There are 2 protein chains.
Amino acid sequence: MNAKGGKVRGRRPGNGSTRDDILVAARGEFEEKGYDSATVRAIAARAEVDPAMIHHFFGNKEKLFLAAVDVPFDPATIAETVTSGRRDQLGERAVRTFLGVWEHQHVRGPLLALLRSAMTNRAAAAMLRQFVTRALLGRVVPALDDLPDAELRAEALVSHLIGMGILRYVVQVEPLASASEDELVALIGPVIQHYISDVEPSDGS
Amino acid sequence: MNAKGGKVRGRRPGNGSTRDDILVAARGEFEEKGYDSATVRAIAARAEVDPAMIHHFFGNKEKLFLAAVDVPFDPATIAETVTSGRRDQLGERAVRTFLGVWEHQHVRGPLLALLRSAMTNRAAAAMLRQFVTRALLGRVVPALDDLPDAELRAEALVSHLIGMGILRYVVQVEPLASASEDELVALIGPVIQHYISDVEPSDGS
DNA sequence: GACATAATTCATCATGTGTTGAATATTGCC
DNA sequence: GGCAATATTCAACACATGATGAATTATGTC
């Protein structure tokens, strides 16, 4: 027994969940503040854990970030969901899938963390760039290779989805933030579809 | 004369440009790092000025931010440029105008600063939300009020432009980052146009 | 039970943060 | 020239940051 205020030292009995608690807390903080603004101490406090535990388990802040922001969905699965099925409904499927990703908390966290961090941190921007380039484009573009400028089109498409995500979930402009999933699918789906339909190339320089 | 290393104290002769130097440096730092990650000391160093000068001239960091990130273009002018002219070319005009804004350095700075800051800072997010809601929608939506869901459409439109800006200028994914202005206008313009053309409302629930 | 290994707390370090106040020099007005 | 106002530097404060090392307690293995 330790009558004084501080907690007792030493290892806790039982099978501790500290490591996982830290990961959960880290995702929360990185999600809300981005890499630079999230602090080791705030993460530790959120996990109700001593800050030193973070270094004990993960070494340093950067390694913790890499461990926490491990995008918890398989890009291949997403890409397959989007690209399989009727081609003329691909736009709607893309919007619906993308919205679905944001609505699931355990996926939205890392995504937000990555987005927020990418805005101010070079390493995180590189991660996001790589993620967009490799995971998304590497899988979706091949399905569209009959179009001219397939890469550019795919990126324009993704840029729309990301912009919508930011305005809806981060900046929270109305009425975008409160619009229903169906509304957005109906509105944005056809527009996304536009990118993968072979419209007239206008003036091919 | 002061033989020692430090600079001489006291006021400098001549009409100093310190205040403006600070503003320029502040825009640079806020632009590159966002509000939270930019530091008073780094701004001072960039302006080649003592950190105390910042508080002397601006009081504190937040007031400096407000003074520095004073969006240097008139939203009314932009809106007029976009909304005047042939309606069926509005999409292309919007894309071209938006790209033009980003290409001018003295405009791109504050915009980037606002965007970066909005990702991690509530006050900045509120500023951006207000900016989007009031400046853009307040002026563009009235010109589109014959469309259903004019507000939502306008925001979807803006979200695409913002997403493109982020992917092109911040994350710098290729080939988006290196695409020419004309390429982007040709590709994205028609899609933006889609939002302001009265397509079939699909299924009005 | 001895003992290596792992988990946990605490104190502390070096550095960086925004901010303040005093000291000093210049300008501009009377 | 006298003197208030302004501009500039320096030193420091109070606090937050990431990180480290020692001390302490539990677990698991032999």
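**Exercise 1. State how many residue pairs are in polar contact across the interface of domain 1 and domain 2 of chain A, and describe the side of domain 1 that takes part.**

Step 1. Across the interface of domain 1 of chain A and domain 2 of chain A, three residue pairs, both members at pLDDT 80 or more, are in polar contact, a term that stands for a pair of N or O atoms within 3.5 Å, where within protein one must be able to donate a hydrogen and the other to accept it, and residues adjacent in sequence count only if both atoms are side-chain atoms.

Step 2. On the side of domain 1 of chain A that touches domain 2 of chain A, helix 1 (18-37) and helix 4 (61-68) of chain A are the elements that give two or more residues, helices being DSSP runs of H or I with at least four residues, numbered from the N terminus. Helix 1 of chain A provides the largest share, eight residues.

Step 3. By class, this side of domain 1 of chain A holds four nonpolar, one polar and five charged residues, where Ala, Val, Leu, Ile, Met, Phe, Trp, Tyr, Cys and Pro count as nonpolar, Asp, Glu, Lys and Arg as charged, and the others, Gly among them, as polar.

The model is predicted, so that local features need pLDDT of at least 70 and side-chain atom pairs pLDDT 80 or more, while totals for chains, interfaces and linings use all residues. Residues are numbered from 1 along each chain as its sequence is written, chains are lettered from A and ligands numbered from 1 in the order in which they are written, and side-chain values use heavy atoms, with hydrogens and water left out.

**Exercise 2. Determine how much area the two domains of chain A bury between them.**

Step 1. Domain 1 spans 18-68 and domain 2 spans 75-196, with bounds from an automatic or database domain assignment.

Step 2. The two domains of chain A bury about 790 Å² between them, 60% of it on carbon and sulfur atoms; buried area is the accessible area (1.4 Å probe) that two parts lose on being put together, summed over both. Of the area that domain 1 buries against domain 2, A:E31, A:D36 and A:F65 supply 55%, more than any other three residues.

**Exercise 3. Identify the residues that come nearest to DNA strand C, and locate contacts with its phosphate oxygens.**

Step 1. Among the 27 residues around DNA strand C (a heavy atom within 4 Å), the nearest are A:T18, B:G14, B:T39, B:V40 and B:R41.

Step 2. Polar side-chain atoms lie 2.9 Å from a phosphate oxygen of DNA strand C for A:T18 and 3.0 Å for B:H55, whereas A:D50 places a backbone N or O atom 3.4 Å from a phosphate oxygen.
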